[in-house]
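Here are my notes on this one, as numbered points. Have a look at the fold first, then read on.

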Amino acid sequence: MIGFGKFITFEGGEGAGKSTQAERLSKRFDEIGQDVLVTREPGGSKRAEEIREILLKGDSEKIGPLAETLLFFAARDDHLEKAIRPALQDGLWVISDRFYDSTRAYQGAAQGVQPEILAALERIVVADTKPDLTIILDLPAEQGLERAKNRNGDNKETDRFEAMDLAFHEALRKAFLEIAEQEKERCIVIDATGSEDEISDQVWEAVVERFNP
Ligand code: Z5A
């Protein structure tokens, strides 16, 4: 880890509440006077947001999982260089809505990109800027898709990952739980079926226990 800030990521399937909880956590830090950067992947920097557009629109399906992986890492490289590392070096705490575990789950476990390829890209692109804490919000796939659908009804189109079948989303859930099992030091799993308040309290408890901010 570099700098003085801490790097926290939220992971999980569609509609698990990552964006909601990233914002909630940011408010908790505001209350204790700790500056934070709330960011997201794919995206989080100007160029990475442009790559996000390519990745999430339907046509990108034609490029295949490996090319897709390389695009996610291209976006991540810019995000790290332009946003995450500078913020950490300035002493900010960084909260990212998704990071490399999403590539492991979506492109690796669910679409067959080999773990060695992902590990090599992580070494090159992420290097030492690994998350200090990863919070995996765990929710049955059906429930997450239902929540995402309700949210989409208001203000957001369904993207191409949301449009994949239930088996794909169940594979993702399993993949995130396996990552948590393999990296117990870094990851904590929180049951995301509870209310936003309950989950927010559990997230804060985990942060306090880990870092005593
Ligand atoms: N992707 C990838 O394939 N590889 C990668 O390396 C990376 C990403 C980094 C990004 O989409 C897509 O890119 C994503 C994976 C892929 N796939 N998709 N789709 P995105 O950023 O647009 O979407 P997302 O990351 O999947 O997040 P989401 O679907 O927006 O869900 P969320 O952030 O987890 O949930 P939310 O927006 O906070 O909440 C969803 C709704 O549920 C909303 O109406 C809330 O008010 C409601 N909600 C939240 N919490 C609760 C609770 N506790 N109870 C009830 N309702 C709740």
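Axes here are lines fitted to C-alpha atoms, for helices over the stretch in contact, and angles run from 0 to 180 degrees between N-to-C directions. Helices (H or I, at least four residues) and strands (E, at least two) are DSSP runs, numbered from the N terminus. This is a predicted model, where local features need pLDDT of at least 70 and side-chain atom pairs count only at pLDDT 80 or more, while totals for chains, interfaces and linings use all residues. Residues are numbered from 1 along each chain as its sequence is written, and side-chain values use heavy atoms, with hydrogens and water left out.

1. Let's start with α4 and α7. Their axes are 9 Å apart and the packing angle is about 135°. The two helices are therefore oblique to each other; for reference, angles under 35 degrees count as roughly parallel, over 145 as roughly antiparallel, 65 to 115 as roughly perpendicular and the rest as oblique. The crossing of α4 and α7 is right-handed (a crossing is left-handed if the near helix is turned anticlockwise from the far one by less than a right angle, and right-handed if clockwise).

2. Who makes that contact, taking contact to mean heavy atoms within 4.5 Å? From α4 come Asp 101, Ser 102, Arg 104, Ala 105, Tyr 106 and Ala 109, and from α7 come Phe 168, Leu 172, Ala 175, Phe 176 and Ile 179. By class, the residues of the contact of α4 with α7 are eight nonpolar, one polar and two charged. The classes are simple: Ala, Val, Leu, Ile, Met, Phe, Trp, Tyr, Cys and Pro count as nonpolar, Asp, Glu, Lys and Arg as charged, and the others, Gly among them, as polar.

3. Helix α4 (residues 100–109) also packs on helix α5 (residues 115–126), at an angle of about 155° and with the axes 11 Å apart. That makes α4 roughly antiparallel to α5. The crossing of α4 and α5 is right-handed. Tyr 100, Thr 103, Arg 104 and Gly 108 on the α4 side meet Leu 118, Glu 122 and Val 126 on the α5 side, and the residues of this contact split into three nonpolar, two polar and two charged.

4. Now α2 and α3. The axes of α2 and helix α3 (residues 64–89) come within 8 Å and cross at roughly 160°, which makes α2 roughly antiparallel to α3. This crossing of α2 and α3 is left-handed. Arg 47, Ala 48, Ile 51, Ile 54 and Leu 55 of α2 make the contact with Glu 68, Leu 71, Phe 72, Ala 74, Ala 75, Asp 78 and His 79 of α3. The residues of the contact of α2 with α3 comprise eight nonpolar, one polar and three charged.

5. On to the core. A nonpolar core is a set of buried Ala, Val, Leu, Ile, Met, Phe, Trp, Tyr and Cys residues joined through side-chain atoms within 4.5 Å, where buried means under 20% relative accessible area, exposed over 50%, and partly exposed in between (1.4 Å probe, protein chains only). The largest such core has 20 residues, and Ile 8, Leu 25, Phe 29 and Val 207 have the most contacts inside it. The elements giving it two or more residues are β1 (7–12), α1 (18–31), β3 (93–97), β4 (133–138) and α8 (196–211). Of these, α8 gives the most, with five residues. A second, separate core of 17 residues includes Ala 75, Ile 136, Phe 161 and Cys 187.

6. The loop between β2 (36–40) and α2 (46–56) deserves a look. A cis peptide bond joins Glu 41 and Pro 42, with omega about -10°, and Pro 42 sits in this loop. Ser 45 is in the loop too, and counts as buried at 8% relative accessibility. Leaving aside neighbours within four places in sequence, Ser 45 is in contact with Asp 78, His 79 and Lys 82.

7. Two backbone angles to check by eye. Arg 98, in the loop between β3 and α4, has phi near 80°, a positive value in a residue other than glycine; Arg 98 is buried, with a relative accessible area of 13%. Asn 212, in the segment after α8, has a positive phi near 45°, and counts as exposed at 62% relative accessibility.

Definitions and conventions
Contact means heavy atoms within 4.5 Å.
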